[in-house]
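Subject: Structure handover

Hello,

Here is the structure I said I would pass on. Please look through it first; my notes follow below.

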Amino acid sequence: MIYPANFEQKTGFDKIKVSIKNKCVTQSAVNKVDDACFLTDKEAIMQLLRLASEMKTICMLENSFPADGYVDACKFLPKIKNIGNYLEINELIDLKTALNTVKQIFMFFSGKRKTDYPSLTELVKLVSLMPEVITEIDRIVDRFGKIKDDASENLYNIRKEIAEKQAAVNRRMQSVVKQAKNEGIADLQSNVSVRNGRFVIPVQAVHKRKIKGLVISESASGKTVFIEPMEVVELNNRIVELEFEEQREIIKILIELTGFFNPYYLDILFSCELLVEIDFIRAKAYYAIETEAGMPIINDEPQIDLRRARHPILMKT
C-alpha cells in the first residue's frame with residue numbers, strides 16, 4: 001500500500017507518466033504507462049531498470065534498431081480466435097507491419113548483441129517469426145493495400161468480367177456522346193462520367209428528352225442532367241451485380257485468410273504484445289535521455305543516498 005493515496009501527485013510522478021505517454025507510439029503502450037505503479041520487489045525493480053538502461057544505450061548508440069513500424073495490432077487480434085470472423089485489409093497491413101518489426105527486433109538481438117543487451121535479448125528470445133503468416137498476407141494483399149486479382153480463381157474471373165463489361169460500356173457511351181455532340185444535344189466538351197456508380201453522359205436539360213435513357217442526377221444549377229442511355233442500362237446493371245459479387249468474394253477470401261492465422265494465434269499475440277512492450281520500454285528510454293537520467297544502484301539496506309540527484313519536473317521550471 002502506498003501512503004498517502006495521492007503520493008504520485010505529490011512527487012510529480014503523474015507528470016512524468018504524461019511525458020512518457022507522449023513518447024509512446026501505440027495506445028497499448030500508453031495503457032501500460034497508466035498501469036505502471038510503485039513496486040517493492042527488488043528483483044522486479046532491477047529488471048525494469050535494466051531493460052530501460054539497455055534500451056537507452058540502444059537509442060543513443062545503435063542505428064540499426066527499428067525506429068518505426070510500432071503498430072498496435074493487439075486490439076484486433078481477438079478476431080483470429082473465432083472462426084468466421086475476418087481481419088479488414090488495413091488490419092492485415094498493420095499485422096504484417098507489426099510482425100516484420102518484431103522480426104527486425106529479433107534479428108537485432110541475434111549474434112554479439114546477446115551479451116551487449118542481455119535483459120532485452122532474454123525478453124525477445126521466445127518470439128516466433130512465423131514467415132508463413134507474412135507470406136500468406138503477401139499472397140492476398142498487394143503493396144498498395146488492395147486484394148490481388150489472383151487471390152482466388154473466382155475473384156479473377158469476376159474482375160475480368162467487370163473489366164470487359166466496363167470496356168463495352170465505354171465503347172457504346174463514346175458512340176452515344178459522339179452522336180449527341182453531332183446533333184447539338186451535348187456540349188462539344190462533354191465526356192463520359194460516372195454518377196452514383198453509373199456511366200452517364202452530361203446533356204443540356206432542355207434536350208434531355210432527345211436521348212432515351214434514365215436521368216441519374218443533375219448539376220447544382222439544373223442546367224445539365226446526367227443520363228444513362230438505355231443502350232447501356234443492362235450492362236451497367238450487370239457491372240453493379242458483379243461489384244457486389246466481388247465484395248462477397250473478398251469477404252470470403254478474408255475469412256479464409258483469417259482462419260489460416262487461427263493456429264498461430266498465441267504466437268501472433270505474443271509477438272504483438274512484445275512490440276507494445278518494446279514501445280513502452282523505448283518511451284522510458286527516450287525520457288531518460290531527455291532528462292539525462294541514469295540507472296540507480298539498489299541494495300538491501302534501508303537507506304537512501306542521493307548524489308547529484310535532481311527532480312526531472314523541477315529541472316524544467
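Are Glu-8 and Lys-17 buried or exposed? Both Glu-8 and Lys-17 are buried. The two residues form a salt bridge, with 3.7 Å between the closest N and O atoms. Please keep in mind that this is a predicted model.

Salt bridges

The count of salt bridges comes to 18. Another of them pairs Asp-300 with Lys-42, where the closest N and O atoms are 3.4 Å apart. Asp-300 sits in the loop between α12 and α13, and Lys-42 belongs to helix α4 (residues 42–61), so this pair ties together parts that are 258 residues apart in sequence. Asp-300 counts as exposed because its relative accessibility is 64%, over the 50% cut-off. Lys-42, at 35% relative accessibility, counts as partly exposed.

Arg-159 and Asp-149 also meet through their side chains in a salt bridge, at 2.7 Å from N to O. Here Arg-159 lies in helix α10 (residues 153–182) and Asp-149 in the loop between α9 and α10, so the parts tied together are 10 residues apart in sequence. Arg-159 has a relative accessible area of 12% and is therefore buried, the cut-off being under 20%. Asp-149 counts as partly exposed, at 38% relative accessibility.

Strands

Strand β2 (residues 198–204) is mostly covered, with six of its seven residues buried. Strand β1 (residues 193–195) runs antiparallel to β2, and three bridges join the two. Within this pairing, Ser-193 stands opposite Val-200 of β2. The hairpin of β1 and β2 has two residues between the strands, and Asn-196 in that hairpin takes a positive phi near 55°.

β2 is also joined to strand β4 (residues 224–229) by four bridges, again antiparallel. Ile-201 has Ile-227 in β4 as its bridge partner.

Helices

Helix α12 (residues 265–290) has 26 residues. From its first C-alpha to its last, α12 reaches 38 Å, close to the 38 Å expected at 1.5 Å a residue. Just after α12, Glu-292 takes a positive phi of about 55°.

Asp-116 is found in helix α7 (residues 113–116). With a relative accessible area of 40%, Asp-116 is partly exposed. Asp-116 and Glu-54 are 62 residues apart in sequence, and their C-alpha atoms are 8.3 Å apart in space.

Regards

Key. Residues are numbered from 1 along each chain as its sequence is written. This is a predicted model: local features need pLDDT of at least 70, side-chain atom pairs count only at pLDDT 80 or more; totals for chains, interfaces and linings use all residues. Side-chain values use heavy atoms; hydrogens and water are left out. The expected span of a helix is 1.5 Å times one less than its number of residues. Buried means under 20% relative accessible area, exposed over 50%, partly exposed in between (1.4 Å probe, protein chains only). Two strands pair if DSSP finds at least two bridges between them. A salt bridge is a side-chain nitrogen of Lys or Arg within 4 Å of a carboxyl oxygen of Asp or Glu.
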